[in-house]
Each structure stands twice: as C-alpha cells, then as structure tokens.
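Keep the sequence and the 3D view open while you read.

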Amino acid sequence: MKAALLVLAFSFAAQAHDVITTKVTFDREIVRLLNAHCNSCHREGGTAFSLATYSAARPWAKAIEEEILTRRMPPWGAVKGFGDFRNDQGLTPEQLELIVDWEEGGAPEGEEKDLPPAPNFPEIAAVQHPASEIIVAGDLKLAQSVTLDGLWPVTVPDNAGFQITAELPDGSIESMLWLQNYKQSFGHPFLFRMPLELPAGTWVRGVPAGAKVALLPVSGSDTTGKLLVPNRRDGLQ
Ligand code: HEC
C-alpha cells in the first residue's frame, strides 16, 4: 500500500514537470498524422507496436521525433531522389515541424472530443499485383516497348541494396529505383509520378541473382511476360 502511494506520488511529480508550451495536441493533430503515415503498421494487429492511442504513443514521443527527422520512419526502403514516386509516404516539412512542436512542447494529449473516428486500414493482402506485371530476375532486354507505372519488389533479401536502371537503345540511362534497406515485410510498390516509356531493345539492369522485381505496366496497355528476352549471357535469370 505504501509502495503504491509512493509510485502515485512519483508519477504526479513527473507530470507536474511536463510544462506544456505548445498548442499542438495528440488528440487533434498528431493522431491524424500517425493514422495517415504510421498506423497502418503501428497498431494492434499491425506489423509494429501501437502508436494508435495517446497512452501507447506518449512513451515513444522522443523516439518518434528522432525517427522522422532522420527519415527512418515511415520506412521506404529506397534512396530518395533516385526515381520519383507518387506513393512516397514521407512527411512534408510542415508535418515534421508539427511533430517536433508537439514533442518539444511537452507532448500534450489534448481533449478527447477532438479525436477522429477510428481509421479503417486496408489489409495488406488486399493489395494485388496486376496480372500484366513483368518479373525481372537478372538483366533483361525488352523485345517490345512498354510504359511503366512503377516497380514492385517481389523477392528481395532483407536489407539488400541495389540500383535498377534502364539502358535505352540510344545509350541513355534512366534511374528507376535504388533499393536500400528494403524489407520484404514493407510489401509496397514504388509508383512513378510520371509514366516511364521504355522502347523495345531497352535493357533493365541491376536486379541481382536471388532477387525478383516486378515491372508494373500502365494499366490497359497490352503487355505480358512474353515480351521479355532474358539475358542468358551472364546466367542471371
Ligand atoms: C511499413 C510499416 C511501418 C510504417 C508505415 C511506420 N513504421 Fe515505425 N516501425 C516499423 C517497424 C516494423 C518497426 C520496428 C523496428 C524496425 O524493424 O526497424 C518500427 C519502429 C519504429 C520506432 C522505434 C524505433 C526504435 O527502435 O527506437 C518508432 C519510434 C517508429 N517506428 C515510429 C514511426 C512513425 C512516427 C511512423 C510514421 C511517421 C512510422 N513509424 C511508420 C514499421 C513501420
């Protein structure tokens, strides 16, 4: 009984020291941000510990700030700036600032009435690979032209790093994707901001032995795996 009282007194003292110097609250701004960018993974039943409620997220406030400022979270698995992707979930400078303000201002909870309705996260399994995808394993030469919407790692050794480029028939090189610390569990595609047109005779290079990456044609275009001539020269495939 005495011990319990002591613990209570201590936690009171700790809270009294949390001077709140920000108007940003968990219940209003932060939970919405976390729901949109983090909690598809960070929730009960997700792939990482929950950040879905104030009591779950509060002990992680400092770590959250560190992870977003160093861009380790949300995990992307590719070098930024190599290829341009429309589904990059990275936080904007304004969003980074909001989280920093919140953390450094004492990480207040705010008022329950500001909480958004509980979000509905699509199950990972619902994300489908298109039937028209073209699997690349080793260097490949395109026998016909194709317009790509993006790429999707299918089999990638954890923490692998490699650059995928397209060498066009005119000799120019297009950067496509530089995987870096990609984990199979991320399970997301890399969707280009602008469709990438690759003429017949283009070499897709950089997928190492043991890895498989799918090329995603723009939907509606009539392309199948038959279009590809694997590079047998170097025995990759
Ligand atoms: C694709 C799933 C996914 C998303 C989205 C995601 N995380 Fe994570 N996060 C993880 C996993 C898995 C871990 C466990 C550690 C690891 O594997 O790196 C983790 C670990 C962390 C950690 C602990 C790091 C440490 O070890 O100290 C923090 C803090 C964190 N995430 C915050 C965030 C924040 C904030 C966001 C959104 C801006 C976010 N995460 C988005 C999957 C995700």
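Gly 210 sits in the loop that links strand 7 (203-205) to strand 8. Helices (H or I, at least four residues) and strands (E, at least two) are DSSP runs, numbered from the N terminus. Gly 210 is exposed because it has 12 C-beta neighbours inside 10 Å. The cut-offs run as follows: buried means 20 or more other C-beta atoms within 10 Å of a residue's own, exposed means 12 or fewer, and partly exposed lies in between, with C-beta atoms placed from the backbone. Pro 157 is 53 residues from Gly 210 along the chain, yet their C-alpha atoms are separated by 7.7 Å.

This is a predicted model: local features need pLDDT of at least 70, side-chain atom pairs count only at pLDDT 80 or more, and totals for chains, interfaces and linings use all residues. Residues are numbered from 1 along each chain as its sequence is written.

## The chain overall

The protein chain has 237 residues, and buried residues make up 26% of them. It holds five helices and nine strands. Read from the N terminus, the order of elements is α-α-α-α-α-β-β-β-β-β-β-β-β-β.

## Strand 8 and its sheet

How many residues of strand 8 (residues 212-217) are buried? Five of the six are, so strand 8 is largely enclosed by the rest of the structure.

Two strands pair if DSSP finds at least two bridges between them.

Now take the two partners of strand 8. Strand 1 (residues 134-136) runs antiparallel to strand 8, and three bridges join them. Here Val 136 stands opposite Val 213. Strand 3 (residues 146-155) also runs antiparallel to strand 8, joined by six bridges. Leu 151 has Leu 215 as its bridge partner. Gly 150 stands opposite Leu 216. In a regular strand, side chains alternate between the two faces of the sheet.

## Helix packing

Two packed helices are described by the angle between their axes and the distance between the axes. Axes are lines fitted to C-alpha atoms, for helices over the stretch in contact, and angles run from 0 to 180 degrees between N-to-C directions.

Helix 4 (residues 61-69) packs on helix 5 (93-104) at an angle of about 155°, with the axes 10 Å apart. That makes helix 4 roughly antiparallel to helix 5. The classes are set by angle: under 35 degrees is roughly parallel, over 145 roughly antiparallel, 65 to 115 roughly perpendicular, and the rest oblique. Helix 4 passes helix 5 in a left-handed crossing. A crossing is left-handed if the near helix is turned anticlockwise from the far one by less than a right angle, and right-handed if clockwise.

Helix 2 (residues 26-37) packs on helix 5 at about 130°, with the axes 11 Å apart. That makes helix 2 oblique to helix 5. Helix 2 passes helix 5 in a left-handed crossing.

## The ligand shell

Which residues come nearest to the ligand? Of the 17 residues around it, they are Cys 38, Cys 41, Ala 48, Met 73 and Pro 74. A residue is near a molecule or strand if its C-beta atom, placed from the backbone, lies within 6 Å of it. Helix 4 gives the largest share of the shell, four residues.

By class, the shell has twelve nonpolar, four polar and one charged residues. Ala, Val, Leu, Ile, Met, Phe, Trp, Tyr, Cys and Pro count as nonpolar, Asp, Glu, Lys and Arg as charged, and the others, Gly among them, as polar.

## Backbone points to check

Look at the loop between helix 4 and helix 5, where Pro 74 lies. The peptide bond from Met 73 to Pro 74 is cis, with omega near -10°. Arg 71 is found in this loop between helix 4 and helix 5 too. Its phi is near 65°, a positive value in a residue other than glycine. Arg 71 is partly exposed because it has 13 other C-beta atoms within 10 Å.

Asn 159 lies in the loop between strand 3 and strand 4 (160-167). Phi of Asn 159 is near 65°, again a positive value in a residue other than glycine. With 11 C-beta neighbours inside 10 Å, Asn 159 is exposed.
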